[in-house]
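Subject: Structure handover

Hi,

Here is the structure I promised to pass on. Have a look at it first, and then read my notes below.

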Amino acid sequence: MKKATAKPFLLIAVGLILMVGVMFILWPRGEEVNYELPDFKSKLASDVPEWSWGDRPVAESVEVANRIEEQLAFDDGLYRIYRYGDVSVAVWAAYWHPGKVDILDVHTHEPDSCWVHGGWRIDQRADVFDFSLPGEKQLMPAKYRLMEKAGAKVHIAFWHLVGGVNLKIDRNEGSLTKFPKIIEQTGVQNKGEQYFFRISSTHDFSDLVSDPGFRQILHSLGELGLYE
């Protein structure tokens, strides 16, 4: 008698499982988006009057020197150095397709982590830094650090974009507070395209920004997604 009453429940359970499976297969998934690589090599400024430039192996950058390149797993990356007289400006750019790496993994590329682990010390910091470009398109506010190591000082501006949003989370926060902030700011969690940009120079940015060549470098970054 007990075996007979169990059969209907078994059939119902099997039916429900099949129904869920069919619904999963037929459920609309939206259009598949094909994401193109940004092509940093051709889109970063390469015709800057009076400035010379050269691309260096990405592994020479501080970010990659302190983290194995395979761990970074970027889809496109470039380390380019510009020179004008005694001025040098280094640009490091990286891109990840949506879902390629965790947002917090990219967040650890910030100088507060990579450079500090490489022996650099933070002399000054500002989490909102604006390049003043009167009469021109403005860049999203950067984070700024003045780093020091063995008497050498380097000015750094950097950005982490997720789905086009300039991410604002502090390295010293715990994951429990970082994750809600990521979702609040971007509306996604590990779903958007990610960019990381960093500019560094031994010269103060406030002295460089009056130079048309330096502004041209900034504007090429703006065209890659840094314009407000």
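**The pocket and the cavity**

The largest pocket has a volume of about 220 Å³. Strands β2, β3 and β8 each supply at least two residues of the pocket lining. By class, that lining splits into 7 nonpolar, 5 polar and 3 charged residues.

Before you go further, please note that this is a predicted model: local features need pLDDT of at least 70, side-chain atom pairs count only at pLDDT 80 or more, and totals for chains, interfaces and linings use all residues. Residues are numbered from 1 along each chain as its sequence is written, and side-chain values use heavy atoms, with hydrogens and water left out.

Now some terms. On a 1 Å grid over the protein atoms alone, a pocket is an open set of points with protein on both sides within 12 Å along at least five of seven lines, a cavity is a set where a 1.4 Å probe fits but cannot get out, and lining residues have an atom within 4 Å of a point. Grid points are joined across faces, edges and corners, and a volume is the space filled by probe spheres set on the points. For the classes, Ala, Val, Leu, Ile, Met, Phe, Trp, Tyr, Cys and Pro count as nonpolar, Asp, Glu, Lys and Arg as charged, and the others, Gly among them, as polar.

There is 1 cavity of 30 Å³ or more, and about 80 Å³ of space lies in the largest cavity. Its lining includes Glu110, Asp127, Lys143, Trp159 and His160. Strands β4 (121-129), β5 and β6 each give at least two residues to that lining, with β6 giving the most, 3 residues. The classes here are 6 nonpolar, 2 polar and 4 charged.

The protein has 9 helices and 8 strands, which are DSSP runs numbered from the N terminus (helices H or I, at least four residues; strands E, at least two). Buried residues make up 40% of its 228 residues, where buried means under 20% relative accessible area, exposed over 50% and partly exposed in between (1.4 Å probe, protein chains only).

Why is strand β8 (residues 194-201) largely enclosed by the rest of the structure? Because 8 of its 8 residues are buried. Gln194, Phe196, Arg198 and Ser200 are buried on one side, and Tyr195, Phe197, Ile199 and Ser201 are buried on the other.

Strand β3 (residues 87-96) runs antiparallel to β8 and is joined to it by 8 bridges; two strands pair if DSSP finds at least two bridges between them. Trp92 has Arg198 as its bridge partner in β8. Strand β6 (residues 152-162) is also antiparallel to β8, over 8 bridges, and there His160 is partnered by Phe196.

**The cores**

A nonpolar core is a set of buried Ala, Val, Leu, Ile, Met, Phe, Trp, Tyr and Cys residues joined through side-chain atoms within 4.5 Å. In the largest one, of 35 residues, Phe40, Tyr82, Trp159, Phe197 and Phe214 touch the most other members. Elements giving two or more residues to this core include β2 (76-84), β5 (142-149) and α9 (212-226), and α9 gives the most, with 6 residues. Apart from it lies another core of 21 residues, among them Val64, Ala94, Val101 and Phe196.

Not counting residues up to four places away in sequence, Trp159 touches Phe131, Tyr195, Phe197 and Leu226, among others (contact means heavy atoms within 4.5 Å). His107, in helix α5 (residues 103-107), is buried at 4% relative accessible area.

Most residues other than glycine have a negative phi. Asp39 has a positive phi of about 60 degrees; it sits in the loop between α1 (2-26) and α2 and is partly exposed at 36%. Ala150 has a positive phi of about 50 degrees, lies in the loop between β5 and β6, and counts as exposed at 81% relative accessibility.

Cheers
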